[in-house]
Every structure is written in structure tokens, then in C-alpha cells.
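Please read this report alongside the sequence and the three-dimensional view, which are shown just below. The sections that follow take up selected residues and their surroundings.

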Amino acid sequence: MAGDLDRDTMERAYARWAPIYDAVCGPVFEKGRRAATAAAKQAGRRILEVGVGTGLSFQDYDARHEVYGIDLSEPMIARARERMASGAFPHVKEVNVMDAHHLAYPDAMFDAVVAQFVITLVERPERVLDECARVLKPGGEIILVNHLYSERGLAAAVERWFAKHAHTFGLRPEFPFQRLQAWAEAHGGVEVAERRRVALLGVYTLVRFRKLAEGDRAATRFAAAG
Ligand SMILES: C[S@@+](CC[C@H](N)C(=O)[O-])C[C@H]1O[C@@H](n2cnc3c(N)ncnc32)[C@H](O)[C@@H]1O
């Protein structure tokens, strides 16, 4: 499944999206984005937005937060920098062109790592999640919002058809929640704290992972062994 959306495909797709992204995707993603930023604000002060795009979420934060953003796409980051230059978002500390597979931040720097409409697009989602967990403080949260794959029924059939045509647009709709859960179990240092539907008709799913403190990890290992 990975490898079908490589870095070149993604960069080409988002160079095309950048000029029209806010007008086309802004309203479509708004409810999901707001649900994710609301959860991030509960998690703490210093927040990393992975795949920050054009910075549509900047308006959701305020002076109580320090927001950092990264994105693979130069044209999307250029738009985010234009937003910062307006002076309206002093809580946004920096945005950088960076690949989420290799975050250039130290361990345990952030209270929350948010990725809205990103994890289903990256080449190696589990690698990106490992990086998100690494830069989180113990007790911090990874917050994802996405459309996740329907496993049954008509929706699943429609989505399978759509998936065949979606990759050239930088989309990967065929992504089940089970893949996220399997990552958390294999990682061992995080737990799924919440999974819930958001937006009208529940088209998006918000997933929160909490990074376990060392004591909690030991307790989990002990319980598993017993
Ligand atoms: C659908 S947009 C979402 C943007 C923003 N989070 C929002 O909600 O408006 C997906 C973003 O993920 C970025 N992206 C894709 N792969 C990435 C990677 N490996 N590292 C960092 N950003 C990536 C794309 O460039 C794009 O800006």
C-alpha cells in the first residue's frame, strides 16, 4: 500500500493544490480541522502541526499556544508564510518545509502533534507516527483527523472504486482505522485515547493517541506478562 504515494507525486499534487486549496478544501475540511485543533488545545501549550498546509488552522489557536508547522510542499508553506506575515498570528512560531518521515525536532518537545488530513497521504504512515510519538512529551497526544475507510457495505464499494483513481490527486482514501490501532499496539509506548466520528454524517474520524509515561509503560508490560 505504501510506496504508491511517493514524495514526487505528493509534491506535484500539492504544487497544483496550493493556489486553490483554501477555496476548495477550506470549507470541506473545516469541521474536522476544528475538532482536531480543539483537542490539541486541551493537550497543552506547544503544538506541532504536521502537514500544516496553507495554515488554515492558525486562526483556531491564540496566545495561550505556541504553534509550529511543517509541510513537504514549498508552495503550501509559502502560503502559510503569507498568512503569518499578516501579523494576525503571533502564536505561530515557525513553519518549515520538512518531511514528516524525518522531523528535525528533538525528542519530547511538544505537548501535542496534530495531523489533519495527512496520515492517509504519507508514503510510510507508521514511520510518520513513530516520529510524531518521538517528538511528544510523555502524556502528550497525537491527534489525527481523516476520512477513514469504511470496512463494509455500499460505502466500502464506492471508496474502493474511488481509491483506484485518487492517487494522482495526492489522495489515498483506502485507509482503515485498524492500521492505526495496529501501529499503537506495535509501538508499545502509546495508547488509543479516543476514536470518534466528527462532522455532519460522521464523514471524518478523529483519533487521539496518548504517549505513555515510563511508569505506565512498565505497568502495561507487567499486566501483559501477567
Ligand atoms: C490535505 S492537505 C491538509 C493540510 C492541512 N492539514 C489542512 O487541514 O488544511 C495535506 C498536506 O500534507 C502535506 N504532506 C503530504 N505528505 C507529507 C509529508 N511526508 N511530510 C509533510 N507534509 C506532507 C501536503 O503537502 C499537504 O499540504
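## Cysteines

Cys25 counts as buried, because its relative accessibility is 9%, and this value, like every other in this report, comes from a predicted model. Cys132 is buried as well, with a relative accessible area of 2%.

A disulfide is a covalent bond between the sulfur atoms of two cysteines. When the whole structure is searched for such pairs, zero disulfides are found.

## Helix H4 and its packing

Cys132 belongs to the buried residues of H4, which are Pro125, Val128, Leu129, Glu131, Cys132 and Ala133. These buried residues pack against strand S1 (46-50), S4, strand S5 (136-146), H6, strand S6 (190-198) and S7.

With a relative accessibility of 27%, His187 counts as partly exposed.

## Aromatic pairs

How many aromatic pairs does the structure hold? There are eight aromatic pairs, and one of them joins Phe29 and Phe117, whose ring centres are 3.9 Å apart and whose planes stand at 15°, so that the pair is stacked. This pair links distant parts of the chain, since Phe29 lies in helix H2 (residues 21-43) and Phe117 in the loop between S4 and H4, 88 residues apart. In the pair of Tyr68 and Tyr105, the ring centres are 6.1 Å apart and the planes stand at 85°, so this pair is edge-to-face. It too links distant parts of the chain, with Tyr68 in strand S2 (residues 66-71) and Tyr105 in the loop between S3 and S4, 37 residues apart.

Tyr68 is buried, at a relative accessible area of 12%, and Tyr105 is buried at 8%. Phe29 and Phe117 also form one aromatic cluster together with Tyr204. Elsewhere, a charged side chain meets a ring: Arg195 lies over the face of Phe177, at 3.9 Å from the ring centre.

## Positive phi angles

Most residues other than glycine have a negative phi. Phe117, although it is not a glycine, has a positive phi of about 60°, and its relative accessibility of 11% is why Phe117 counts as buried.

Ala108 likewise has a positive phi, of about 55°, without being a glycine. Ala108 is placed in the loop between strand S3 (92-97) and strand S4 (110-116), and, at 35% relative accessibility, Ala108 counts as partly exposed.

## Arg208 in strand S7

Arg208 is found in strand S7, which covers residues 204-211. Is Arg208 buried or exposed? Because its relative accessibility is 15%, and the limit for a buried residue is under 20%, Arg208 counts as buried.

Which side chain makes a polar contact with the side chain of Arg208? The partner is Glu194, at 2.7 Å. Leaving aside neighbours within four places in sequence, Arg208 is in contact with Ala39, Glu141, Ile142, Ile143, Glu191, Val192, Ala193 and Glu194.

How values were computed: Residues numbered from 1 in each chain as written. Predicted model: local features only at pLDDT ≥ 70, side-chain atom pairs only at ≥ 80, totals over all residues. Heavy atoms only, no water. Helix = DSSP H or I, 4+ residues; strand = E, 2+ residues; numbered from the N terminus. Buried < 20%, exposed > 50% of the residue type's maximum accessible area, 1.4 Å probe, protein only. Disulfide = S-S within 2.5 Å. Polar contact = N/O pair within 3.5 Å; in protein donor to acceptor, adjacent residues only side chain to side chain. Contact = heavy atoms within 4.5 Å. Phe/Tyr/Trp six-rings, centres within 6.5 Å; stacked < 30°, edge-to-face > 60°. Lys NZ or Arg CZ within 6 Å of the ring centre and 35° of its normal.
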